[in-house]
Amino acid sequence: MEQLISYFDTIPSWHRSLILVGGITFFWILEGVVPLFNVPYKKWRHSVPNFFFTLTTIIVNFPLAFLLLKSSDWAVENQFGIINWLPEMPLWLYVLLGVMLLDLIGAYAAHWVEHKVKPLWMVHLVHHSDHNVDTTTANRHHPLESLIRYAFTLAGVILVGAPIGIIMLYQSLSVVFSQFNHANIRLPKRVDSVISWIIVSPDMHKVHHHYQLPYTDSNYGNIFSIWDRLFGTYMSMDVKDIVYGVDTFPDEKENSSIKGLLKQPFHKYRRPTTENQEVISE
């Protein structure tokens with residue numbers, strides 16, 4: 001564990017880029033081998049806006065990375081933050097708690113707020129308006145959302161008091177898990193169900209991308225699924241019934257246009273509808 005944290009303390013930028021590109025490549029290939037949905041869409045054309053927003057996410061986050069480092073150094077130096085206020089513990093537990101709490105604040109809480117605050121939902125809409133969810137959808141975020149997510153991550157770094165090694169480990173895991181649970185892959189139903197008790201599985205997250213409420217407002221987790229189960233936001237449905245997109249923004253052509261997506265947050269808010277069918281929750 002010491003060697004792992006030491007590596008992430010000084011992880012080179014190109015290693016982080018390799019994790020991003022390697023993850024997309026791996027799950028892209030896997031989607032062709034065991035697809036969840038055999039949808040006849042032009043995969044490369046579909047990926048263009050998603051790769052564009054992946055690039056804008058990198059551009060937004062790169063110059064702001066120093067704030068994460070400075071905040072982390074300050075928290076560690078001043079013993080500020082949740083994991084620094086806890087009794088002494090084994091390193092593996094310290095790391096696990098750090099990653100889990102960063103996931104709670106930087107991913108789950110940010111995601112929940114984006115769905116509950118109307119202006120933020122209009123920004124987050126870019127992510128939900130993908131009509132063919134696959135591994136490239138993971139980083140389909142409007143530049144404004146990149147800033148919102150960054151703000152939550154920065155708050156998480158300070159509140160958790162995590163050292164930079166744990167932060168870099170968390171961010172690397174977050175990228176890979178997001179690519180995994182968005183990927184258009186089919187796991188054995190039993191396997192998907194079992195792992196969804198600990199981590200966010202592909203089938204679990206696909207429910208979140210169903211085009212109507214209440215499913216859209218569920219399964220907010222990114223790495224750990226325990227937050228949805230703990231806070232009562234977990235829902236399930238048969239994946240064969242899932243329809244991707246957003247009911248109030250149904251224009252697939254506009255939702256596949258970079259120009260249209262960049263303007264999406266500035267549309268007038270449209271009230272979502274609720275699906276009239278039995279809701280299964282746990």
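You will find glutamine 79 in the loop between α4 and α5 (82-85). Please keep in mind that this is a predicted model.

**Backbone spots to look at**

- Glutamine 79 is not a glycine, yet its phi is positive, at about 50 degrees.
- For background, most residues other than glycine have a negative phi, and most peptide bonds are trans.
- Asparagine 219 also has a positive phi of about 50 degrees although it is not a glycine.
- Is asparagine 219 buried or exposed? With a relative accessible area of 0%, asparagine 219 is buried, because buried means under 20%.
- The loop between α11 and α12 is where asparagine 219 sits.
- Proline 214 is found in the loop between α11 and α12 (226-230) as well.
- A cis peptide bond links leucine 213 to proline 214, with omega at about 0 degrees.

**Proline 63**

- Look for proline 63 in the loop between α3 and α4.
- Proline 63 counts as partly exposed because its relative accessibility is 48%, which lies between 20% and 50%.
- How far apart in space are proline 63 and leucine 91, C-alpha to C-alpha? The two are 30 Å apart in space, and 28 residues apart in sequence.

**The largest pocket**

- The largest pocket holds about 1300 Å³ of space.
- Its lining is made up of 45 residues, and those nearest the centre are Arg16, Thr57, Asn61, Gln171 and Val175.
- Several helices give two or more residues to this lining: α2 (13-33), α3 (43-61), α4 (65-77), α6 (91-116), α8 (143-160) and α9 (164-182).
- Which element gives the largest share of the lining of the largest pocket? That is α9, with 10 residues.
- Sorted by class, the lining of the largest pocket has 22 polar, 19 nonpolar and 4 charged residues.

**The nonpolar cores**

- The largest nonpolar core has 32 residues. Those with the most contacts inside this core are Ile83, Val99, Leu102, Val160, Ala162, Ile166 and Ile167.
- Elements that give two or more residues to this core are α1 (2-9), α6, α8 and α9.
- The largest share of this core comes from α6, which gives 10 residues.
- What does isoleucine 167 touch, leaving aside residues up to four places away in sequence? Its partners are Leu68, Ser72, Leu102, Val157 and Ala162.

**Helix α7, under cover**

- Helix α7 spans residues 118-128 and is mostly covered.
- How many of the 11 residues of α7 are buried? The count is 8.
- The buried residues of α7 are Trp121, Met122, Val123, His124, Leu125, Val126, His127 and His128.
- Among the elements that cover these buried residues are α3, α6, α8, α9, α11 (202-208) and α13 (258-263).

Notes: Residues numbered from 1 in each chain as written. Predicted model: local features only at pLDDT ≥ 70, side-chain atom pairs only at ≥ 80, totals over all residues. Heavy atoms only, no water. 1 Å grid on protein atoms, 1.4 Å probe; cavity = no way out; pocket = protein on both sides within 12 Å on 5 of 7 lines; lining within 4 Å. Points joined across faces, edges and corners; volume = space filled by probe spheres on them. Helix = DSSP H or I, 4+ residues; strand = E, 2+ residues; numbered from the N terminus. Nonpolar A, V, L, I, M, F, W, Y, C, P; charged D, E, K, R; others polar. Core = buried A, V, L, I, M, F, W, Y, C linked by side-chain atoms within 4.5 Å. Buried < 20%, exposed > 50% of the residue type's maximum accessible area, 1.4 Å probe, protein only. Contact = heavy atoms within 4.5 Å.
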